[in-house]
Amino acid sequence: MSRLGPGCESLGKDHRSKASNLVDARDEAGRCALAAAADGGHAAVVDALLGAGADAAAADDGGRAPLHWAAGRGHGAVVDALLAAPGAAAAAAARDATGRTPADLARDAGHGDVAARVESLLAPDPAP
């Protein structure tokens, strides 16, 4: 039996492209591993998933991207990692099924500092 676990032994020669597809696999609510790690504040896991090519802007069935989950919980280190990832501006501006952005969720939960960091990504650059 493979030490990699069920299903992993079938990766074969094309393991890199199949592995990247596994990084963005979804659960029954449409949440990917990156969203679960962001929700839990697991910065090291978030960094590893982003490094493996996880989609930082992947929204679940409720329209929430990993940034929504991290911001709403006030996980500053995770928010910073997600804001540095490709697709961060789209995720920062995205509205979930209730119409709320990641900054809205952070502010509503009393994490004004996190909300400000998310909003700073959306602020236009000052004129030179």
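This is a predicted model: local features need pLDDT of at least 70, side-chain atom pairs count only at pLDDT 80 or more; totals for chains, interfaces and linings use all residues.
Asp104 is partly exposed, at 22% relative accessible area, where partly exposed sits between buried (under 20%) and exposed (over 50%), using a 1.4 Å probe and protein chains only. The side chain of Asp104 meets that of Arg95 in a salt bridge, 3.7 Å from N to O; the term covers a side-chain nitrogen of Lys or Arg within 4 Å of a carboxyl oxygen of Asp or Glu. Arg95 itself is exposed, with a relative accessible area of 53%.

Residues are numbered from 1 along each chain as its sequence is written, and side-chain values use heavy atoms, with hydrogens and water left out.

Next, look at Asp108 and Arg100, a salt bridge whose closest N and O atoms are 3.0 Å apart. Asp108 is exposed at 54% relative accessible area, whereas Arg100 is partly exposed at 31%.

Now over to Asp39 and Arg73, whose side chains form a salt bridge at 2.5 Å, N to O. Asp39 belongs to helix H2 (residues 33–40) and Arg73 to helix H4 (residues 66–73), so this pair ties together parts 34 residues apart in sequence. Helices here are DSSP runs of H or I, at least four residues, numbered from the N terminus. Asp39 is buried at 15% relative accessible area, and Arg73 is partly exposed at 46%. Across the whole structure, the search turns up 8 salt bridges.

How values were computed
Helices (H or I, at least four residues) and strands (E, at least two) are DSSP runs, numbered from the N terminus.
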